[in-house]
Amino acid sequence: MYVAVKGGEKAIRNAHKLTAKRRRGDTSVPALTLEQIAQQLAHSVARVMGEGSLYDETLAALAIKQARGDLIEAAFLMRAYRTTLPRFGYSTPVDTGTMLVERRISATYKDLPGGQVLGPTFDYSHRLLDFALAAEDDGAEQPVEMTDNDDQAMPRVTDLLGDEGLMEPDPVSDGGTPVGDLTREPLSFPADRDLRLQNLARGDEGFLLALAYSTQRGYGRTHPFAGEIRYGEVEVEFFAEELGFAVTLGAIKVTECQMVNQFAGSAQAAPTFTRGYGLVFGQAERKAMSMSMVDRSMRWQELGEEPVAPAQDVEFVLSHSDNIQATGFVEHLKLPHYVDFQAELDLVHRMRTEWFEKREQQEQGGAAQEAAQ
Amino acid sequence: MSETTVEDRTGKIPDVSPKNSSGDRKKIMATLAAATPEAVSGKYENLALPSFDLVRQPETGLVMVRGRMGGTGSPFNLGEVTVTRCVVRLETGETGSAYSLGRSKKKALHSAVIDALWQRPETRALIEKDIIAPLAAAQQTAKETVRQETAATKVDFFTMVRGDN
């Protein structure tokens, strides 16, 4: 039950001022610039853009600064900001095959066209704290190696397997099928794969990671291989009606993951490999991998598998993946529930009174019985 | 991205031949879109500016980016990007448009004027030589740097031969 209450305005005003002061911290320490956050905290920025479902590095940097590094709060700020802008329309689908690749690895094929390029990664590092970064002189440019690029094309691994018929082809709808959009209509069930992928792309990394992990530990039957992970820039094109052609808006960074799973086949379909797909803003491999595993899990029905695990439960997964919604409902518990609680309090008082009365009667009854014997 | 670096590492200069097909205009607009607001205004300020009207005020909005299931399959909505657009008309009649990622209204306005000037036969060569070619070359150089830095992290596998003794 919600009732209007007054009071607390001054306390709130002062609390906000105090937050601003604490956010800034010691003023003898220089304030963070948005450029510093965008450049040096790239993974935080990627996460906020992904879960905020809005690609704009400077805005994400601002959100992170304003939220004091609370990335869910920052994603919330991004979601709120986007509601203030008009929607121009939909891009033509990005082509990850023409990506300016900065990293591309496959755990299934050693020698593949274009090779394995590691790019910027934490993999193969010892996870030891690097105290050189704490030193004052951090900021000196570290030279990196450069090699003449042989311009070899990097086809997607899944396209290579597809050529042999070993890989299920991508589902292709006829052009007329509308594409579901969660920002236009609220989520409803059953949810098709387009809606599921949109939901996962902006879902909470931690939630998807835990679900993906659960499928590996036996909650659901998957034995996935990282067919390919690639990260780099893709161009975004938008068909401008008034110009009559698709204009290139610029490039965004995305991470794509193709997770390959075995499929034993059925009476209609020969044994083949199936896939889960992950695509997220920025360099966010953990998220892209988790997304592809959960996408694959939720395809159980289409592939004739048994639903036995949480990660396969479409309604459960999609209803709880959005951390903005989740945090809204969990954190609203901080708001005054005085009247609700007063009602509960009265109820518990009454129940306790009844309980004690009953016990007293029982004790008296028992005593009387003993006396009678 | 430094737009003062005109030399392309590979010596490739983007093809911007003066034809008025939408393909060429698309390339011009894409080059402007890919440049930083500072790079565009740096070029814009050196121009002898014509008078023009705003057909569409610089406006920031959203475009929903789509991906494809599995990379090549049916489309789905990935997430939005901020986009700023603008349309101007020169007093000589040419209409210039700009669309680019981000929220810079100044860049959108400058890019739209440059696009309009590119459509004017009298100023096209100048725009291509002084603005588009250096911007495109700098972009090409930056991409080539990324390619070469990335190529240095390519794995060369070798097989250990196991000896019998």
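The following dialogue goes through some named features of a predicted model and the reasons for the names.

Trainee: What makes A:Asp170 and A:Arg275 a salt bridge?

Mentor: The cut-off is a side-chain nitrogen of Lys or Arg within 4 Å of a carboxyl oxygen of Asp or Glu. For A:Asp170 and A:Arg275 the N to O value is 2.7 Å, so the pair meets the definition.

Trainee: Which parts of chain A does this pair tie together?

Mentor: A:Asp170 belongs to the loop between α6 (157-163) and α7 (193-201), while A:Arg275 belongs to strand β6 (residues 272-281), so parts 105 residues apart in sequence are tied together. Both A:Asp170 and A:Arg275 are buried.

Trainee: How many salt bridges are there over all chains?

Mentor: A search of the whole structure gives 32. Another one of them joins the side chains of A:Arg299 and A:Glu302, at 2.7 Å from N to O.

Trainee: Why is A:Arg299 called buried?

Mentor: Buried means under 20% relative accessible area. A:Arg299 has 2%, so the word applies.

Trainee: How far apart are B:Glu144 and B:Arg147 in the helix?

Mentor: They are 3 residues apart in helix α4 (residues 121-151) of chain B, which means a separation of about one helical turn. Elsewhere, salt bridges that share partners join A:Asp95, A:Arg104, A:Arg156, A:Glu228, A:Arg230 and A:Glu256 into one network.

Trainee: How do you know that β3 and β4 of chain A pair?

Mentor: Two strands pair if at least two bridges are found between them. Strand β3 (residues 100-105) and strand β4 (residues 225-240) of chain A have 5 bridges in the antiparallel sense, so they pair. A:Arg104 has A:Arg230 in β4(A) as its bridge partner.

Trainee: Which strand pairs with β4(A) over 15 bridges?

Mentor: That is strand β5 (residues 245-263) of chain A, again in the antiparallel sense. In β5(A), A:Cys257 is the bridge partner of A:Ile229. The two strands form a hairpin with 4 residues between them, and A:Gly244 in the turn has a positive phi of about 80°.

Trainee: What makes the pairing of β2 in chain A and β1 in chain B count?

Mentor: Strand β2 (residues 87-90) of chain A and strand β1 (residues 52-68) of chain B have 3 bridges, in the parallel sense. The requirement is at least two, so this is a pair. One of its bridges has A:Gly89 with B:Val63 as partner.

Trainee: Which strand of chain B pairs with β1(B) in the antiparallel sense?

Mentor: Strand β2 (residues 75-90) of chain B, over 14 bridges. B:Gly67 stands opposite B:Phe76 there. The hairpin of these strands has 6 residues between them, with B:Gly70 at a positive phi near 75°.

Trainee: Why is the phi of A:Ser53 worth a remark?

Mentor: Most residues other than glycine have a negative phi. A:Ser53 is not a glycine, yet its phi is positive, about 60°. This residue sits in the loop between α3 (42-52) and β1 (54-55) of chain A. Its relative accessible area is 2%, so A:Ser53 is buried.

Trainee: What is the phi of A:Arg68, and is the residue buried or exposed?

Mentor: Phi of A:Arg68 is near 55°, also a positive value in a residue other than glycine. The residue lies in the loop between α4 (57-66) and α5 (71-82) of chain A. Exposed requires over 50%, and A:Arg68 is at 51%, so it counts as exposed.

Trainee: Which residues gather with A:Arg68 in a patch of positive charge?

Mentor: A:Lys21, A:Arg22 and A:Arg23 gather with it on the surface. A:Arg23 is in helix α1 (residues 9-24) of chain A. At 33% relative accessibility A:Arg23 counts as partly exposed. Patch members need over 30%, so A:Arg23 passes that cut-off.

Technical notes:
Residues numbered from 1 in each chain as written. Chains lettered and ligands numbered in written order. Predicted model: local features only at pLDDT ≥ 70, side-chain atom pairs only at ≥ 80, totals over all residues. Heavy atoms only, no water. Patch = residues over 30% accessible without salt bridge, like charges linked within 9 Å, V, L, I, M, F, W, Y side chains within 5 Å. Areas by Shrake-Rupley, 256 points an atom, 1.4 Å probe, with all protein chains shown as cover. Lys, Arg positive; Asp, Glu negative; His and termini not counted. Charge placed at Lys NZ, Arg CZ, Asp CG, Glu CD. Buried < 20%, exposed > 50% of the residue type's maximum accessible area, 1.4 Å probe, protein only.
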